Amino acid sequence: MNVRRLGPLFFFLALAVAAPAQDFQIDKAHSQVGFGVRHLMISTVHGRFDDFSGTIHYDAKDVTKSSVQVSIKTASIDTDNANRDADLHKSEFLDVEKFPEMTFQSTKVEKRGNEMVLVGDLTLKDVTKQVEIPFTISGPITDPWGNQRIAVEGSTTINRRDYGVVYARKMQDGAAVVGDQVKITLEIEAVVAKSKQ
């Protein structure tokens with residue numbers, strides 16, 4: 001056995017074992033907070049929020065000790081349709097003047113079999129409810145500029161009426177124009193900036 005060849009392997013294994021928990025800032029340029037909701041009960045309209053920030057406290061040795069905090073500017077909602085976006089700013093929907101932010105604060109991370117689940121409080125229009133977000137995590141890796149990065153993907157579904165989003169227009173047959181269930185999808189990349197010497 002060539003001990004010299006095994007030396008670097010032992011070194012990197014030691015680093016992995018000793019790696020402390022770190023705070024990763026969401027990299028907005030490489031992340032997306034998206035959603036989808038049924039329209040006329042025959043199709044799905046997709047959108048996203050363009051302005052958000054947050055911190056992922058990631059413990060690589062014990063993921064259940066990790067935590068997440070996110071803040072989203074409600075006025076940054078974007079469905080690629082200016083008229084629809086203007087409607088979504090109104091009180092029947094997000095009421096962005098009165099409630100400029102929605103937030104998520106985790107309360108725990110659970111391992112359920114092979115699945116990881118983020119549990120926390122989602123606050124929208126001053127209503128706070130617990131949500132569960134099954135997720136996967138990749139990394140950490142070191143990017144070409146020496147920064148540590150992780151990536152997280154997850155999704156959950158909420159009922160918009162639970163949060164006071166009460167738009168209720170119906171079609172002639174009684175079917176809703178906008179569905180109640182909103183699927184939220186998260187594709188997040190987060191970074192620890194390399195410390196300056």
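Biologist: Which residues does Thr-79 touch, not counting residues up to four places away in sequence?
Modeller: This is a predicted model. Contact here means heavy atoms within 4.5 Å. With residues up to four places away in sequence left out, Thr-79 touches Phe-35, His-46, Gly-47, Arg-84, Asp-85 and Leu-88.

Biologist: Is Thr-79 buried or exposed?
Modeller: Thr-79 sits in the loop between strand 6 (77–78) and helix 2 (82–88). A residue under 20% relative accessible area counts as buried. Thr-79 has 5% relative accessibility, so it is buried.

Biologist: With which side chain does the side chain of Thr-79 make a polar contact?
Modeller: Arg-84 is among the residues that Thr-79 touches. At 2.9 Å, the side chain of Thr-79 makes a polar contact with the side chain of Arg-84.

Biologist: Phe-35 and Phe-49 pair through their rings; is the pair stacked, edge-to-face or tilted?
Modeller: The aromatic pairs number 3. For Phe-35 and Phe-49, the ring centres are 5.7 Å apart and the planes are at 50°, so the pair is tilted. Phe-35 belongs to strand 2 (residues 32–39) and Phe-49 to strand 3 (residues 43–49), 14 residues apart. Both Phe-35 and Phe-49 are buried, and the pair is tilted.

Biologist: How are the rings of Phe-93 and Tyr-167 arranged, and how many residues apart in sequence are the parts they tie together?
Modeller: Their centres are 4.7 Å apart and their planes at 25°, so Phe-93 and Tyr-167 are stacked. Phe-93 and Tyr-167 are each buried.

Notes: Residues numbered from 1 in each chain as written. Predicted model: local features only at pLDDT ≥ 70, side-chain atom pairs only at ≥ 80, totals over all residues. Heavy atoms only, no water. Helix = DSSP H or I, 4+ residues; strand = E, 2+ residues; numbered from the N terminus. Buried < 20%, exposed > 50% of the residue type's maximum accessible area, 1.4 Å probe, protein only. Polar contact = N/O pair within 3.5 Å; in protein donor to acceptor, adjacent residues only side chain to side chain. Phe/Tyr/Trp six-rings, centres within 6.5 Å; stacked < 30°, edge-to-face > 60°.
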